[in-house]
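Q: Please go through the terms used for this structure and show what each one rests on.

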Amino acid sequence: MDSNLEPVPVTSQKHDPAWKHCQMYKNGARVQLKCIYCGKIFKGGGIHRIKEHLAGQKGNASTCLRVQPDVRLLMQESLNGVVMKKRKKQKLAEEISTYNVGTSEIAALTNSCGLNSEVDLLPMPVEALEQTSNLFLNRDHGCNKLGGRKKKGRIRKASSSNNNAMVLAMNQAAMSKRVNNHVHMAVARFLLDARVPLDAVNSVYFQPMIDAIASQGAEVTGPSYHDLRSWVLKASVQEVRNDFDQCSSTWARSGCSVLVDEWITGKGRTLVNFLVYCPEGTMFLRSVDVSSIINSPDSLYELLKEVVEEVGVRNVLQVVTSSEERYIIAGKRLTDAYPTLFWTPCAAHSVDLMLEDIKRLEWINTIMEQAKSISRFIYNNNILLSMMRKFTFGVDLVDLGVTRSATDFRTLNRMVNIKHNLQSMVTSVEWMESPHSKKPEGFAVLDYISNQSFWSTCSLITRLTDPILRLLRIVCSEERPAMAYVYAGLYRAKETIKSELVDRKDYLVYWNIIDHRWEPLQRHPLHAAGFYLNPKFFYTTAEELGLHIRSLLYDCIEKLVPDPKIQDKIGKETTSYHNGAGDFGRKMAVRARDSLFPADWWSTYGGGCPNLARLAIRILSQTSSLIRFKPGRIPLEEMHETKNCIEHQRLNDLAFVHYNLWLRQSNRKNMDPDCMDSISYDKMELVHDWVSRRELSSEDMESSDWMTVDPPSGSIAPLGPLVDDIEALGAGFDDFEILGGGPKDSEEENGEENTINK
């Protein structure tokens, strides 16, 4: 990049989604934009050209070959949205010119009064129309609706053009509401008749489908059943395979991880889904029914070997599985057969087990049950649920996580954040007048919410577990490869617990839980190398701790790089990185340690150490987890059940498309759990203890009317800004006891072991 370019921060006023995927620089008086994926600099054309570049749209910009598939889709939708808005505006202008102005004006007024907008009304005389328009204009200028005395100051008389503009705006609002209501009911009838789950509207493809239909006018017809099963499915398979090929073309440079996700179906089948992860995205490869071989490590080994060879042994850095004994045995055989790859147990599973163990501690379990009783009482009554959402401005009490334990601690944290809202609710007139507040459960809820000791304990629990929750989100993230952050996240979790509890006997209880569950990964070379090669952390790490982790990096080098000559070159280049020599010490490189993804940093500034840079990029481009939100309604079980070869292949292709489309949008905002209602049956497995009573009585059924409940807003914006999980890791790693593990006396070890076993 030109050294004269000065970085310019992107302000919050820039709302176009493309601004999140580029950097802005100033070259004298000119502003230039740089793609964060491929580094291409645009000296003109503005944000629209960047958007075309990311979307891969032919025209004024070349196509970005490194942009993630979900970002490319978002940019394509944004560009299509601009075109659709222009078409809609033109069509609306044509309709307004032939529309009965009087009828629209009356409809707009009746809507503002809460009347049914579908009622046919008589046309309004021109004189009355002018009076109505003046009424709205006068109200905007400070006069009362009955034409009362104006405030001091001269008010210019509205011209006829202003009246026309007002009428057109009200016409547009009235027509838009009528059209939307009609469309919404038509969509609902289809979803309900076809028994399609209502959360299908959260798909990123839902609104583009509506736009595509609307753009074709009134003569459009939908595809037939046989169309969908034949050429449409074939075209969809090809589209997804193109995305797969685009991802696989990067494996040679960035490396990839084979993810082995075991899944037990509702009918008791054990399926293993094979996925391939790389920074370009996660792709579903295939699904295998292993019900008959699940307890045979030898059969599992043969299956893993087959998949590794299909992906390419030179491309695969690691195979990630669960930590059951059968996978440990199969994984060891696999690494013996292929010495240049690692077997890695799922990091997210280990972190989730930490939360499970912490939740079982007696004092934490007691507080958790009290918090759950508050939630259950509110969520099982329509009046109280609406009251709670009113006082929290639509924010739900339950905060969904990727696992049940994560949901428990996230919800406790949410309750602490909205503590004052809940206290305002139980001291309000609405609560006092509600018959539910007079019940024993109501008095118990009042006692808990009013008890400062309860909230102090809740706050301590959230401070102890927040860094573990952050670590879980990091290892499950699709946004950034997790390998560069796992060690730092684990360090911060132990450091936070130590600083909160101070006394060694107290914090060792929690440290022992963490070490016990992290033991399979304690000295895993990939995680240590990811920490060492992340410049954000390495240059703020104490010398002795850096040397301790450097030894694990050498283990990684010896395994991943079979050529001794290249190993020796990497060893020499490691010294340059350690000392910050050459390009590593440039001011630009120092500033970029915090702003660039670690792999991108090495790609930009590692040219002086090419062998180490290639290895660093491959290591820092890997994930460490299997756990994500499980995709639902994918016909995997049906595919394995059918005995017809032709239909089996069709269902196989259908599952391939389903799974990969879900993966493509899984990191998008509308797949966020906040889009779901907390009492939705689809998420009941995660929130059961917070929203479900032990038994439902007839009284409960009669007193709960779901149609009167205010929906959640799905946003926690009123509660304050969120802190980025990566930024929260900060810098500075100098406590050797945390990762190095200081000596423990036998009495403390026995005490901690007893705590774990309880």
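A: Contact means heavy atoms within 4.5 Å. This is a predicted model, in which local features need pLDDT of at least 70, side-chain atom pairs count only at pLDDT 80 or more, and totals for chains, interfaces and linings use all residues. Residues are numbered from 1 along each chain as its sequence is written, and side-chain values use heavy atoms, with hydrogens and water left out.

Q: Which residues is Arg492 in contact with, leaving aside its neighbours within four places in sequence?
A: Arg492 touches Pro467, Leu729, Gly730, Ala731, Gly732 and Phe733, with neighbours within four places in sequence left aside. Arg492 itself belongs to helix α19 (residues 486-501); a helix is a DSSP run of H or I with at least four residues, a strand a run of E with at least two, numbered from the N terminus.

Q: Why is Arg492 called buried?
A: Buried means under 20% relative accessible area, exposed over 50%, and partly exposed in between (1.4 Å probe, protein chains only). Arg492 has 10% relative accessibility, so the residue counts as buried.

Q: What makes β5 and β6 partners?
A: Two strands pair if DSSP finds at least two bridges between them. Strands β5 (residues 256-264) and β6 (residues 270-278) are joined by 8 bridges and run antiparallel. Asp261 stands opposite Asn273 in β6.

Q: Why are β7 and β9 placed at the edges?
A: The open sheet has 5 strands in the order β7-β6-β5-β8-β9, with mixed pairing. β7 (281-289) and β9 (342-345) each have a single partner strand, so one side of each lacks a neighbour in the sheet.
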